[in-house]
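Okay, thanks for coming, everyone.

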Amino acid sequence: MEYVLTTDALCKSYKKHKALDNFSMHIPKGAIYGIVGKNGAGKTTLIRLICGLQMPDSGGYTLYGCESKSEEIAKARRRMGAIVETPSVYLDMSARDNIREQYRVLGIPSYEGIDDLLKLVGLEGTGGKKAKHFSLGMRQRLGIAVALAGSPDFIILDEPANGLDPEGIVEIRELILKLNKEKQITVLISSHILDELSKLATHYGFIDGGRLIKEISASELESLCRKCTRVKVSDIEALCLVLDDMGLEYEAVSEDTADIYGAFSINVLVEELSQHKCEVLSMNGRDESLESYYINLLGQHGEVKV
Amino acid sequence: MSRLLSAGFMRLWKSRVFWTLVAGMFLWSLFMVYGNHMECIAKGETDDTLTNFFFGYGVIIGGAVSIFASLFFGTDYSDGTIRNKIIIGHSRKSIYMSNLIISVAAGAVMTAAWILAMLAVGLPVCGWNGFDAVQVLVYLAVSFFMITAFAAVFTAFGMLLSNRSVAVIVSFLVFLFWLQCGAYLYSRLREPEVEPIYTMVMTKDGEEKITDASYIENPMYVRGTQREIYTRVLEFMPTGQALFLMQNEVTDVSFMIFGSFVITVVVTLGGIVCFGRKDLL
């Protein structure tokens with residue numbers, strides 16, 4: 001698999017606080033990679049390191065095949081854009097002037113693409129209005145436009161839905177999906193709004209206490225999170241035998257419990273089990289979401305927003 | 001770095017802070033011309049020449065540059081736009097150096113605004129006396145290096161202090177303290193070597209009459225090595241140079257330029273190292 005970004009045992013401490021601890025992740029090309037973690041888990045620190053705003057204490061990362069410590073990393077960075085925490089825009093400039101300024105920083109001689117960029121983010125009608133008079137959603141979209149000014153192949157969005165109203169969240173989501181599908185831009189997006197993230201991400205990285213505790217694709221997660229019935233019985237072997245006979249997909253999760261996937265008749269199952277002198281102790285439906293998966297993974301409820 | 005300079009100068013062109021300071025220098029210059037001219041008329045003095053205060057910008061430009069650098073570069077921190085430059089691969093050294101160049105250019109334009117007002121209004125009103133073209137060029141060269149040194153110091157503050165308000169306050173206070181130090185040394189050097197002592201008697205008519213006059217050594221007068229050190233320190237410091245420029249007392253031009261050059265290089269190298277290690281948010 002071709003990776004846009006890989007990190008290798010990244011460590012970063014602020015005084016005695018370890019913000020990142022041996023953090024290793026892999027972002028495939030074309031993915032929308034969601035970094036999931038509670039506040040203070042290390043998401044923004046990771047992004048700051050990748051963006052070159054801060055230096056890791058140890059470890060490194062590879063961006064488009066360039067090592068973070070090599071001189072080529074500057075060239076690789078030309079292929080990325082980012083919004084770190086808040087949109088980085090001059091508040092006393094209009095949307096057009098902000099993009100023009102970024103064009104100059106990038107060394108793009110022609111301003112021809114500005115109109116398309118403004119249209120892409122839905123700010124084509126803002127005229128000379130200064131960014132300080134924009135709504136938060138408009139500023140966020142302008143920040144994305146500035147990040148897109150260099151036609152990057154990879155963009156990093158740190159909590160893009162923070163502070164946005166529901167309409168703004170939908171707009172940003174649609175924009176990200178559009179960029180990913182139409183322009184094949186790889187996206188790294190950090191969020192603790194799991195419901196929102198689950199509508200976007202193709203891959204997930206779960207971070208806690210500065211460590212990546214799980215890296216999983218959306219399809220893998222879907223299979224893990226699909227609907228099932230958890231059955232607790234007195235004899236797990238009998239249950240397995242019956243389920244095999246019934247042709248049902250299942251997974252034994254402990255010595256007395258199994259998850260059964262797909263629909264089945266409870267009456268038939270109980271009857272079959274009773275013939276094997278196996279008693280059903282409990283039975284409940286499970287519909288695991290990203291949120292419950294995350295909570296189970298971390299073993300706590302913490303500050304997770306839904 | 002050319003791309004950063006291009007972007008920086010475009011921003012400078014649209015900067016309200018910059019144009020306010022340019023206008024401020026222009027108006028202050030006009031005020032100096034007008035005030036000096038009116039004073040000369042009131043006192044009946046004939047020595048009303050532009051050269052008396054033409055280089056007076058020296059003591060103002062440092063403050064103006066301190067405000068400019070801290071506000072202009074502080075905006076990059078407060079708006080977060082400094083990140084846009086780093087994320088796309090510009091080196092911190094390039095960002096620092098381009099900002100220093102912009103700072104020097106801004107200081108030069110502010111000084112030009114002062115000079116322009118002097119020439120446009122002051123020259124016809126007050127006239128010109130005592131300075132030839134070479135002298136003017138020498139003073140302007142000293143001024144340029146002095147502005148560069150001020151720009152280097154206050155660019156460092158602007159780049160290393162992420163909080164814009166703190167940067168403005170600290171930079172301006174540093175400038176005032178630096179100017180105060182210069183003013184103290186300069187005043188000590190201006191102390192007369194001897195002071196007159198008068199013996200006076202009261203006449204029968206109630207008038208005071210001097211009967212004897214003698215001179216005693218002034219204890220505040222700085223002598224020997226100490227005087228040499230005070231002079232060198234003043235010539236080395238941009239605030240000291242500003243005072244010499246204002247009083248048209250520039251003597252050791254090469255040492256003054258050397259002083260500004262050393263301050264610029266040392267502060268800039270230190271600033272680049274510190275900025276390179278700074279964790280940006």
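This is a predicted model: local features need pLDDT of at least 70, side-chain atom pairs count only at pLDDT 80 or more; totals for chains, interfaces and linings use all residues.

**A walk through chains B and A**

Let's start with chain B, whose secondary structure comes to ten helices and two strands. Residues are numbered from 1 along each chain as its sequence is written, while chains are lettered from A and ligands numbered from 1 in the order in which they are written.

Back to chain B. Reading from the N terminus on, you get α-α-α-α-α-α-α-β-β-α-α-α. Its C-alpha atoms fill a box of roughly 90 × 45 × 35 Å along the principal axes.

Now a helix pair. Helix 1 of chain B packs on helix 5 (residues 92-126) of chain B at an angle of about 40°, with the axes 9 Å apart. Axes here are lines fitted to C-alpha atoms, for helices over the stretch in contact, and angles run from 0 to 180 degrees between N-to-C directions. Helix 1 and helix 5 of chain B are therefore oblique to each other; under 35 degrees would be roughly parallel, over 145 roughly antiparallel, 65 to 115 roughly perpendicular, and the rest is oblique. On the helix 1 side of chain B, the contact residues include B:Leu4, B:Leu5 and B:Phe9, and on the helix 5 side they include B:Ile95, B:Ile101 and B:Ile102. Contact means C-beta atoms, placed from the backbone, within 7 Å. By class, that contact has eight nonpolar, four polar and no charged residues. For the classes, Ala, Val, Leu, Ile, Met, Phe, Trp, Tyr, Cys and Pro are nonpolar, Asp, Glu, Lys and Arg are charged, and the others, Gly among them, are polar.

Further along, how do helix 8 and helix 9 of chain B cross? The axes of helix 8 (residues 224-236) and helix 9 (residues 238-246) of chain B come within 5 Å and cross at roughly 95°. That makes helix 8 of chain B roughly perpendicular to helix 9 of chain B. Among the residues making the contact are B:Phe236 of helix 8 and B:Phe244 of helix 9.

On to where the chains meet. The contact takes 19 residues from chain B and 25 residues from chain A. Helix 1 (2-13) and helix 4 (82-87) of chain B each supply at least two residues of chain B's side, and helix 1 of chain B gives the most, with six. Chain B's side divides into seven nonpolar, six polar and six charged residues.

Last, chain A. There's an open sheet of four strands in the order 2-1-4-5, with antiparallel pairing; strands pair if DSSP finds at least two bridges between them. Strand 2 (17-28) and strand 5 (66-67) of chain A are at the edges with a single partner strand each, so one side of each has no neighbour in the sheet. Strand 1 (residues 3-14) and strand 4 (residues 58-63) of chain A pair over five bridges. In strand 4 of chain A, A:Gly60 is the bridge partner of A:Asp8, and A:Ser58 is the bridge partner of A:Cys11. Two bridges join strand 4 to strand 5 of chain A, with A:Leu63 opposite A:Cys66. In that hairpin, which has two residues between the strands, A:Tyr64 takes a positive phi near 50°.

Terms used
Two residues are in contact if their C-beta atoms, placed from the backbone, lie within 7 Å.
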